[in-house]
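My entries are below, in the order in which I looked things up.

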Amino acid sequence: MSKTGLIRTVRGDVPKTSWGLTNAHAHLVLGAEEQDHPEWSDTAERYDDHILSLDDTLPEMRSYARAGGTCLVELTPIGMGRDPGALVRASEETGVHVVMGAGIYHEPFHPNHIAGLPARQIAEMLIKDITEGAGGTGIRAGIIGELGTYTGPMTEREATAFRASALAAVETGVAVSTHTYLGRNALDQIDVLTSMGLAPERIVIGHLDDTEPDLDLIRLIIERGAYAQFDTIGYEYYTETLGVQMTTDRVRARALRLLAEEGLSDRVIVGSDLCRKRHLKVNGGPGLAHLITGFRALAIDEGVPADILDRCMITNPASVLAMV
């Protein structure tokens, strides 16, 4: 059977027909396995909160499923604690489709084993994750991501990872989901990916709502044909890691309304990037279900039509996840 139109989940390929509510960016298991970059050593304490196990997140997945969640895109990068077996267990126990990423984070977190490798060799590793399975497990990735740059400008090693990811995406038909630092390097990310033949509609630019969304930048991303992702929904605190005050859900919702009024919602996707212990419901955070149980109602109250929210939470992610 042709893979075209199928979405690759950790339990197998499924059709995108009758797709449902999707969290397009989250982490169920997260850690730090292979980093010995000086910047990681200097800042390790800042990332202590970014250690998650399935014991932490399985209750969140159950709540998300009860709220009506259909799919979760799990974007833990290679070398950052990615655990394919845990993702299968989470999917089996909750009934939620889980799409696993095969991504390379920004340079301070690059796995040691890719250091110095050319783009073609890195691409072959990603292709194997997608077509055969990660680490000999037979559990296959369904998207490349999260693929990152740091504060900028894009480093040569990051550019190599982006070129490799584009090659792998073109050959396998999956999309690429990126990590930006407060939206920086977003257009450069698109330039590098498309320079290798990847169609812009196969690119999702992430983290455009950490602070108040830059609508001019988002318009440029969409004009180029890529997707703009609001993926820190629910988080309104000061983040020491980024050194900024995150914006509010009401500001995010108003930005979505303005984009809808301009007819740009066909290129907007949403998620929650659950990646810290403080994000868990048990610790006072919004949890995974907030995207459905909290943000949707707030966005409707701010004038975002329900059909626009469905487009951002169902139709658009299904189009991105469906292999071409």
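**Helices on the sheet**

I began with helix H3 (residues 84-94), which lies across E4 and E5 and runs at about 160° to E5. I took helices (H or I, at least four residues) and strands (E, at least two) as DSSP runs, numbered from the N terminus. For the angles I used axes that are lines fitted to C-alpha atoms, for helices over the stretch in contact, with values from 0 to 180 degrees between N-to-C directions. This is a predicted model, in which local features need pLDDT of at least 70 and side-chain atom pairs count only at pLDDT 80 or more, while totals for chains, interfaces and linings use all residues. Residues are numbered from 1 along each chain as its sequence is written, and side-chain values use heavy atoms, with hydrogens and water left out.

Which residues of H3 are buried? I found Pro84, Ala86, Leu87, Val88, Ala90, Ser91 and Thr94, where buried means under 20% relative accessible area, exposed over 50% and partly exposed in between (1.4 Å probe, protein chains only). These buried residues pack against H2, E4 and E5, and contact here means heavy atoms within 4.5 Å. After H3 comes Gly95, whose phi is positive, near 80°. I then turned to helix H2 (residues 54-66), which lies across E3, E4 and E5 and runs at about 140° to E4.

**The sheet**

I read the sheet as open, with 3 strands in the order E3-E4-E5 and parallel pairing; two strands pair if DSSP finds at least two bridges between them. Strands E3 (21-26) and E5 (97-100) stand at the edges with a single partner strand each, so one side of each is left without a neighbour in the sheet. Neighbouring strands are turned by 15° against each other on average, direction ignored. Between E4 (residues 69-74) and E5 I noted 4 bridges, and Val73 stands opposite Val99 in E5.

Val14 lies in strand E2 (residues 12-15) and is buried, with a relative accessible area of 17%. Leaving aside neighbours within four places in sequence, I list its contacts as Leu6, Ile7, Thr9, Trp19 and His97. Val14 and His97 are 83 residues apart in sequence, yet 9.1 Å apart in space, C-alpha to C-alpha.

Which members of the largest nonpolar core touch the most other members? Of its 110 residues, they are Met61, Ile221 and Phe230; such a core is a set of buried Ala, Val, Leu, Ile, Met, Phe, Trp, Tyr and Cys residues joined through side-chain atoms within 4.5 Å.
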